[in-house]
Amino acid sequence: MSQDKRRQRGFSRRKFMQSAAASAAVATSGTMLAGQAQAKKKTPHLDADVVLQNGRIYTMDEQGTVASSVAIKDGRFMEIASGRAHIRTGPRTRIIDLRGSTVVPGIIDNHNHLVLMGNRPGYHTPLENAHSLAEALATIGARARELPRDAWITTIGGFHFNHFYANPADKTTGRFPTLAELDLVAPNNPVFLSISFSGPSVTNTAGRNILNNRVVDPVNDGVPIVVGADGSMAGGFGATHTSRALLYLRRTLLNSEERRRSTLDAMRYAASLGVTTHIDQGAFQALDNPTDGAAHEDNFTMHFPFLEMYEQGKGLVRLRINFLHMEMDDATPELVQRLKNAFPFFGGDMVKTGGIGEFIAQGTAVPGRFLEAARKVAKAGWRAEVHSLGRRGSATSAPPDYELEISAFETVNTEFPGVVGDKRWVVAHVPGITLEWINKLKAIGGGLSLTGWQFLAGNPVTNPIAPYAGPPFRMILDSGINSGLSSDGMQIAPMNPWIHMYFATTGINARGVEINRNQQITRQEALRLYTRDNGWFVREENELGSIEVGKLGDLVVLDRDYFAVSNEELKRIRSVMTIVGGNIVHDAKVLRVERERDDED
Ligand SMILES: [Zn+2]
């Protein structure tokens, strides 16, 4: 596509982009930006809206260009300059001096559960970035200071006490904070911290006073919550004291207003990490009883707070919505209705529908049902994404899930020629996939979503649930199949992409053990997987994933040099400024914005 055409297209979308821009600005923080948003109703002019200059801008274009300046206008990149070349600015242009900062394209997370994060009860407080017990407690303490008395501080998934080292010099000392430690930092707020899908969890005295001995669900369960004297609550699958506590929090705290507040919190957090586009992979259908875990929500209503935020123009990051379908009935009646009554790839640049996934049936437990579900998705012309955690040679003699999935994809691709490549069908996680099956999926045009989720709890020696590491990043990249990085946050993994890049490039888990030997990739490759290569997954490789003229104006200014920092610092990279469609959606107030536009009309 020529640049002119791209510009024209950008121009024709200007009205949409301006309203999205205006609303994003309003949402960012308060009145100053709201004023700018109003100022957007103005006469057309030729000045760039924003120019960032004097930086090291890794464009991730095909040539690997590192530019020094970039201009954004009407939501899209207008001009990119290298060396000392100058980009023309005008009186309407906001100029940001990067002072040598590293800039990368907006991160695309091709597989996570952002919508679940936006529906968490209480003030969800990510702990994934704490790299010691002291840092975890400091994070909770800071949250307590900004919240009203008695408000619940919750952290539901995304972290593991493996990285809460009691002694930072010894990475085997990770543990939950104790009730007494939580009381010290949050004396006036109840706290609930729960790992993974279903705990275990811990609370403080204020929380224990509310939860202990409470019967949450007399109808379905009738069992009172037991909180240990140390604040601990047992976890595990099914009804547990952790899941009873979680149900209590959901039933008492969640309402439409809280979900909207939590949704904005989740988007703000994403923007602070530099994750500007998300493919959400849905939830397990909630039953509103104590068997619901952290990954359960109502698949038919949980998007409402997000859609409301976008409708009001307050959406900060781009969302692509997958619909998860997991049914015991071979006829998959809910999937049938979804395919009949929803539209794939429908929406605008900020929010649109994606595909069916990360489940299209009840896993591969019944291969015939899986194949039939895949057939229905193909016939309706949707994208399918399925998840795989299997490995050949593990305990059972049944073929691993990825073999069943890819075989079904092959069958469907014959019946509906080219559907797998055209619609971008994906197998996600694939810790145990072999080269033979990578090549089969590659041959029909499919892709693999790769994640560093084993960073948190993966340990071939000590964790029987993850007796092997993976995914085999190196083998997958060398095969040439479509692949991209994702977080699979918010339950079993962090959203923070820099932690996943740490794992992909070092193979080292949260306990400091190298568990993915010989499968490491380079930092250049990891960044490409999280940006340019993920354009394929959203089917928007002409719009997203690199800093190129005509593409959507999403970028991240980093607080340190991704390519130069030590491995330990890699995990701690943050955005100092995140821009989505030309709008500043996260600003750590490190960079000076010159010629701050006022009401110029
Ligand atoms: Zn997932």
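The model is predicted, so local features need pLDDT of at least 70 and side-chain atom pairs count only at pLDDT 80 or more, whereas totals for chains, interfaces and linings use all residues. Residues are numbered from 1 along each chain as its sequence is written, and side-chain values use heavy atoms, with hydrogens and water left out.

His-113, in the loop between strand E8 (107-112) and helix H4 (114-117), and Glu-358, in the loop between strand E18 (351-356) and helix H12 (367-379), link distant parts of the chain, 245 residues apart. Helices (H or I, at least four residues) and strands (E, at least two) are DSSP runs, numbered from the N terminus. Both His-113 and Glu-358 are buried, that is, under 20% relative accessible area with a 1.4 Å probe, protein chains only.

**Strand E7**

Next, select strand E7 (residues 102-105), which pairs in the parallel sense with strand E2 (residues 56-58) over two bridges; pairing requires at least two bridges found by DSSP. Strand E23 (residues 555-558) runs antiparallel to E7, joined by three bridges.

**Open sheet**

Finally, select the five strands of the open, mixed sheet, ordered E9-E10-E11-E12-E13. The edge strands are E9 (123-124) and E13 (232-233). Within the sheet, E10 (residues 153-156) and E11 (residues 191-194) pair in the parallel sense over four bridges, and Ile-156 stands opposite Ser-194 in E11.

Definitions and conventions:
Buried < 20%, exposed > 50% of the residue type's maximum accessible area, 1.4 Å probe, protein only.
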